[in-house]
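Subject: Structure for you to look at, with notes on what was found

Dear colleague,

My notes follow it, arranged by topic.

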Amino acid sequence: MGVVAVTAETAGSCDVDLSATLQESPRITKLLQDVRDLVPPMSVRAQILDSEGRFPAIDFDLLRDIGALSAFIPQRFGGPGLGVDPGGASELFALLRLIGQGNLAVGRIFEGHANAIKLIHTFGSEAQIERASADLRAGHLFAIWNAETQAGIRILDENKLSGSKAFCSGAGHVTRALLTAKDRCGTRMLLIPLEPGERVGSTAVALHGMRATQTASMQFDGLVVSTHDFIGTTDDYTREPTFSAGAWRTSAVTLGGLDSLVAEMQQQLRARNRHEDPHQLARMGNALIARETARLWIERAARMEESIESSPATITGYVNLARVAVESAALEIIRLVQRSLGLSAFLQTNPVERLMRDLAIYLRQPATDEALTEAAAWFLERDFPEDDS
């Protein structure tokens with residue numbers, strides 16, 4: 001059998017097939033088309049922002065202008081209800097994947113925005129959801145910050161806070177921060193309004209990748225919060241399946257980065273006239289297999305989160321397996337790209353170098369070993385859920 005060359009049609013396209021993922025929602029359809037148009041210039045800016053360690057302000061201004069930040073307003077408050085009303089997981093998957101294709105740093109911050117709104121919608125009161133919807137309509141950027149220094153944040157008498165948060169993406173640019181903090185009974189969630197630049201720690205975190213996320217510590221010593229700032233009840237933040245099931249959103253952004261990495265691999269092999277070499281073809285084929293494997297896991301994980309038939313433990317277990325599968329696929333693709341492109345993949349002027357660094361950071365999600373073993377233990381005693389697609 002003859003060797004088949006990899007073509008732009010087989011590997012180079014990063015397009016998300018909207019017809020296969022969208023529900024009948026004209027507003028979301030238009031939003032996704034608008035985001036698709038933003039991806040190429042976002043990719044160009046990504047290289048500059050990374051080298052300068054600068055926050056992607058232009059990208060978020062553009063996302064704000066086309067309604068991406070406010071797309072999470074529930075339908076009952078006049079919004080599209082993306083990611084918060086039932087049935088929109090496939091649409092959110094498509095959106096996060098597209099943004100990840102443009103810039104993983106933008107995707108990381110945007111996913112945090114979506115995560116915070118989801119938590120408010122799940123555990124907040126109707127008044128709090130309405131207030132958050134008004135903030136979204138006003139263009140505010142949300143985040144969920146849960147990583148802590150050793151002391152973390154404590155809620156003292158009279159609702160005064162003590163302590164700080166670590167690894168806060170979007171520090172100085174997020175204007176609505178959902179924090180975890182501990183009181184005498186357990187962990188609480190607090191929604192804190194911020195002004196640009198307010199409470200940012202004195203030293204930015206010097207990360208290997210994701211440099212454009214403006215990750216830093218945030219200081220909350222002495223801040224007095226209102227009872228209206230508390231979202232949900234004690235330990236709602238770690239309540240399953242919400243705590244674990246939302247990990248598919250991070251994986252969807254990761255998939256967008258893998259799309260771009262595979263596309264760069266294909267384009268650079270063609271530019272060097274190496275795209276017909278059988279060893280390169282084998283690597284490209286294996287990269288495509290790994291990316292498609294990741295996509296299938298993530299798409300089903302997104303559907304599982306909305307499942308009303310599966311138990312919380314089954315949903316949590318499946319999403320945890322999906323998370324590990326995506327990490328494995330990404331690490332395999334990075335290995336294949338490095339083998340295919342050689343030292344040029346490590347040149348700072350090569351977009352591949354940034355993509356690999358950003359992916360390496362983004363893949364470091366907490367407790368991966370625990371997620372794998374707990375999921376394996378759950379399904380070892382039960383039937384694996386059948387695909388309902």
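A cavity is here a set of points on a 1 Å grid over the protein atoms alone, where a 1.4 Å probe fits but cannot get out. By this rule the count comes to three cavities of 30 Å³ or more. Please keep in mind throughout that this is a predicted model.

Sorted by class, the lining of the second largest cavity has seven nonpolar and two polar residues, and no charged residues.

The largest pocket has a volume of about 1400 Å³, and 50 residues line it, of which Asn-146, Tyr-237, Thr-250, Gln-365 and Pro-366 lie nearest its centre. Helix H6, which covers residues 104–123, gives the most to the lining of this pocket, with seven residues. The lining of the largest pocket divides into 21 nonpolar, 17 polar and 12 charged residues.

Salt bridges

What does Arg-76 form with Glu-126? The two residues form a salt bridge in which the closest N and O atoms are 2.8 Å apart. This pair links distant parts of the chain, with Arg-76 in the loop between helix H4 (57–65) and helix H5 (89–102) and Glu-126 in helix H7 (residues 126–137), 50 residues apart. Arg-76 counts as partly exposed because its relative accessibility is 44%, and Glu-126, at 42% relative accessibility, counts as partly exposed too; partly exposed covers the range between buried, under 20%, and exposed, over 50%.

Arg-249 takes part in two of the salt bridges that I would point out, one with Glu-111 and one with Glu-305. In the salt bridge with Glu-111, the side chains meet at 3.5 Å, N to O. Because Arg-249 lies in helix H9 (residues 247–271) and Glu-111 in helix H6, the pair ties together parts that are 138 residues apart in sequence. Both Arg-249 and Glu-111 are buried.

In the salt bridge between Glu-305 and Arg-249, the closest N and O atoms are 3.6 Å apart. Glu-305 lies in helix H10 (residues 278–305) and Arg-249 in helix H9, so this pair ties together parts that are 56 residues apart in sequence. Glu-305 is buried, as is Arg-249.

Elsewhere, a network of salt bridges links Asp-50, Arg-211, Glu-353 and Arg-357.

The hairpin of S2 and S3

Strand S2 (residues 148–155) and strand S3 (residues 161–168) run antiparallel and are joined by four bridges. Within this pairing, Ile-155 has Leu-161 in S3 as its bridge partner. The hairpin has five residues between the strands, and Glu-158 takes a positive phi near 60° there.

With best wishes

How values were computed. Residues are numbered from 1 along each chain as its sequence is written. This is a predicted model: local features need pLDDT of at least 70, side-chain atom pairs count only at pLDDT 80 or more; totals for chains, interfaces and linings use all residues. Side-chain values use heavy atoms; hydrogens and water are left out. Two strands pair if DSSP finds at least two bridges between them. Helices (H or I, at least four residues) and strands (E, at least two) are DSSP runs, numbered from the N terminus. On a 1 Å grid over the protein atoms alone, a cavity is a set of points where a 1.4 Å probe fits but cannot get out, and a pocket is an open set with protein on both sides within 12 Å along at least five of seven lines; lining residues have an atom within 4 Å of a point. Grid points are joined across faces, edges and corners, and a volume is the space filled by probe spheres set on the points. Ala, Val, Leu, Ile, Met, Phe, Trp, Tyr, Cys and Pro count as nonpolar, Asp, Glu, Lys and Arg as charged, and the others, Gly among them, as polar. A salt bridge is a side-chain nitrogen of Lys or Arg within 4 Å of a carboxyl oxygen of Asp or Glu. Buried means under 20% relative accessible area, exposed over 50%, partly exposed in between (1.4 Å probe, protein chains only).
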